[in-house]
Amino acid sequence: MAPTDQTRTGSQAVERAIHLLNCFEGDDPELSVSELAKLAGVPVSTAHRLAQALVRGRLLEQDPLTDRYRVGHGLATLARPALTRLGLDSAAPHLYALAAGIKITTSLSVLDDDAALTVFQARPPVHFCAHQVPRQRRHLRQSAPGQALLAWSGAGDGLRTDLDVVRRKGFASEEFEFAELEDDDPIRSVAVPVFDRDRKVWGALGVQARCARLDDALVRDILPAMRQVATRIGTVVRQSGCPAT
């Protein structure tokens, strides 16, 4: 049976709503309806209608003072089973213990198309700075977690020269500029692979901080702890729906 105009309209509305939700990817942004319309590429009236429907569904919240929108508690509720299925509930204590021990935020990233997607981060109780928090999504070639994923996943076999060095060292390291910093001190990120029970790379455990702090000496000091925690996490994460043991 051919789809009716009503079916097409309903499907289009769902796709637009999903696109609107994707505009909130990042560090908990709050967006006005005009900003949403621009990001989603829809008229303001359409953005407003979709955003209000998402508010009623608890997927978005609207600040009563500013009228700006943010991610709602309903999304966290929906995401919870997926995070549990990945084993992040069990991995979290190890990440927080590592962060407290090395006094740097730790994060877990997984492969998502051509990007390293941060799925969890643990901040230390002291010595925390905002630039320790990784971006939610970075191109695989532009971050240490991405390079670690490439090096051990086989996805980057065409780039053997760079990735051979990463595999030989056992970790990836990358320096980049952090736009929010007022000085010229760049950020350094370091990552080690996380393997599942079949020795397939599941993700990457990473840290990042100013280069002046995360120098070669500190990297040498924290790498053993990072590898130990990566091994522990590898016993609780899941690969292809099968629990690692």
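Predicted model: local features only at pLDDT ≥ 70, side-chain atom pairs only at ≥ 80, totals over all residues.

Biologist: With which residues is Ile-233 in contact, leaving aside its neighbours within four places in sequence?

Modeller: Ile-233 is one of the residues with the most contacts inside the core. Once its neighbours within four places in sequence are set aside, its contacts are Ala-91, His-94, Leu-95, Leu-108, Val-194 and Leu-205.

Biologist: How many residues has the other core, which lies apart from this one?

Modeller: That core includes Cys-23, Leu-31, Ala-40 and Leu-59. It lies apart from the core of 28 residues. Its number of residues is 17.

Biologist: Which strands stand at the edges of the open sheet?

Modeller: Six strands form the sheet, in the order S5-S4-S3-S8-S7-S6, with antiparallel pairing. A strand at an edge has a single partner, so one side of it is left without a neighbour in the sheet. The strands in this position are S5 and strand S6 (172-176).

Biologist: What is the average twist from one strand to the next, and what angle does the direction of helix H5 make with that of S4?

Modeller: From one strand to the next, the twist averages 30 degrees. Helix H5 (residues 88-102) packs on the sheet and touches strand S3 (106-112), S4 and strand S8 (201-210). The angle between the directions of H5 and S4 is about 75 degrees.

Biologist: Is S3 largely enclosed or largely open, and how many of its residues are buried?

Modeller: S3 is joined to S4 by seven bridges, and to S8 by four bridges; both pairings are antiparallel. Leu-111 stands opposite Ala-116 in S4, and Thr-106 stands opposite Val-207 in S8. S3 is largely enclosed by the rest of the structure, because the number of its residues that are buried is five of the seven.

Biologist: Which residue takes a positive phi in the hairpin of S3 and S4?

Modeller: Most residues other than glycine have a negative phi. In this hairpin there are two residues between the strands. The residue with a positive phi, near 60 degrees, is Asp-113.

Biologist: Where does His-127, with its positive phi, lie?

Modeller: The phi of His-127 is near 60 degrees, and this residue is not a glycine. His-127 lies in the loop between strand S4 (115-122) and strand S5 (137-139).

Biologist: How many bridges pair S4 with S5?

Modeller: The two strands pair in the antiparallel sense. Within this pairing, Leu-117 stands opposite Arg-137 in S5. The number of bridges is three.

Biologist: How far apart in sequence are the parts tied together by the pair of Tyr-96 and Phe-120?

Modeller: The rings of Tyr-96 and Phe-120 are 5.9 Å apart, centre to centre. Their planes stand at 90 degrees, and the pair is edge-to-face. Tyr-96 lies in helix H5 and Phe-120 in strand S4, so the parts tied together are separated in sequence by 24 residues.

Biologist: Which residue joins its side chain to that of Arg-188 in a polar contact?

Modeller: Arg-188 lies in strand S7 and, at 10% relative accessibility, counts as buried. Its contacts beyond four places in sequence include Glu-174, Glu-175, Asp-215 and Asp-216. The polar contact between side chains is 2.9 Å, and the partner of Arg-188 is Ser-173.

Terms used. Residues numbered from 1 in each chain as written. Heavy atoms only, no water. Pairing = 2+ DSSP bridges. Axes fitted to C-alpha atoms, helices over the stretch in contact; angles between N-to-C directions. Contact = heavy atoms within 4.5 Å. Core = buried A, V, L, I, M, F, W, Y, C linked by side-chain atoms within 4.5 Å. Buried < 20%, exposed > 50% of the residue type's maximum accessible area, 1.4 Å probe, protein only. Polar contact = N/O pair within 3.5 Å; in protein donor to acceptor, adjacent residues only side chain to side chain. Phe/Tyr/Trp six-rings, centres within 6.5 Å; stacked < 30°, edge-to-face > 60°.
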